[in-house]
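Subject: Structure handover

Hello,

Here is the structure for you to look at. My notes on what turned up in it follow below.

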Amino acid sequence: MQQGKTGRRGLIGGMVTGAGLLVAVPLRAADFPSRPVTLIVSGPAGGTTDYTARLIAQPLSERLGVPVVVENRAGGNGMIALQAVIRARPDGHTLLIGYSGTVTGKPAVEGFGDFDPRRDLASVSLILQAPQVMMVHPTIPVRSLSEFITYARARPGQLNYASSGAGSLQHLGTELLKQRTGIDLVHVPYRGTGETMSDVLAGRIQFYMTTPPPVAVPIRDGRLRALAMAAAERHPALPDVPTAAEAGLPGYAAESWFGLFAPKAAPRPVVERLAGECRDILADERLRQKAVEAGGLVSFEDPATLDRRVETELAMWAKLVREVGIRPD
């Protein structure tokens, strides 16, 4: 028997020769893994997508019995990482840590020609949820969301906001804020959260929203000023930061999530094996507390539930794109 592979719609397994015919032997969960597993991350080190990958890499390695390597593939507004996974051998050894902005926001803004998560990816498990915190540099003389909205309305087009690119939750969440409040902020896209932070901390970016892990420390030490959480509930990592509703903007939310995905043609037994491992890993209280301290909330969803989440958000962001007239930058 020799290792082989079929096309994207086939099953990966051994190839048995008999009577001049090649017969595909479907890959079983027991055959996986046979080599190291790679977690592809669409952003550079320092962002929440990278944090999510590193949160589960070691426990997943221990459970699978092979090294699990985190590989950052930044650039192309997520397409470099997406293509690395979509074009990989679909046997479960190359996986994507998918950020909601890349998985659902990007195609809503750019269209579904190059990437459609329903066509190209197999959902494995939700890993982490992280509501975004809205913040300003301390040089902006406001201390609440309502004060910032008033300040921005008096300065249309004069204030910048940063994002990790078109379709990111930072981009769509701020555009939703603009739609709801009538303020005019200028979009400055970056390649990732880690790359953005130097300009945010230097005050070259006046308004920013992102998930708590990369900004919790500078908020606590006063280098950034949190205005509100773009969520329905306060966050345990930043308990003094009010929700958007508490800050005077009811019904507003822009919550990010991060999940594990495989190439679409990955064998179902392998997807189910990985989903089961994620379920058990995410039930560990020490890991859950570690995530909370960094600003994330561990949350498992099985493949079918994650599929429904993706479908719902694709429709939601596509609606915003139509209403606001958002175009790729």
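**Strand pairing and the sheet**

Strand β4 (residues 37–41) pairs with strand β6 (residues 94–99) in the parallel sense, over 4 bridges. Two strands count as paired if DSSP finds at least two bridges between them. Helices (H or I, at least four residues) and strands (E, at least two) are DSSP runs, numbered from the N terminus. T38 stands opposite T94 in β6.

Before more detail, the ground rules. This is a predicted model, with local features needing pLDDT of at least 70 and side-chain atom pairs counting only at pLDDT 80 or more, while totals for chains, interfaces and linings use all residues. Residues are numbered from 1 along each chain as its sequence is written, and side-chain values use heavy atoms, with hydrogens and water left out.

The open sheet has 6 strands, in the order β5-β4-β6-β13-β7-β14, with mixed pairing. β5 (68–72) and β14 (297–301) stand at the edges. Each has a single partner strand, so one side of each is left without a neighbour in the sheet. From one strand to the next, the twist averages 25°.

**Helices on the sheet**

Helix α1 (residues 48–64) lies across β4, β5, β6, β7 (121–131), β13 (255–263) and β14. α1 runs at about 160° to β5. Angles run from 0 to 180 degrees between N-to-C directions, and axes are lines fitted to C-alpha atoms, for helices over the stretch in contact.

Helix α2 (residues 79–86) packs on the sheet too, touching β4, β6, β7 and β13. Contact means heavy atoms within 4.5 Å. The direction of α2 makes about 145° with that of β6.

I86 is found in helix α2.

**Other helices**

Helix α3 (residues 100–110) and helix α11 (residues 303–324) pack at about 45°, with axes 8 Å apart. The contact includes S100, V103 and P107 of α3, and V310, L314 and W317 of α11.

Helix α9 (residues 268–282) has 15 residues and reaches 21 Å from its first C-alpha to its last. Among its buried residues are V270, L274, C278 and I281.

Regards

Notes: The expected span of a helix is 1.5 Å times one less than its number of residues. Buried means under 20% relative accessible area, exposed over 50%, partly exposed in between (1.4 Å probe, protein chains only).
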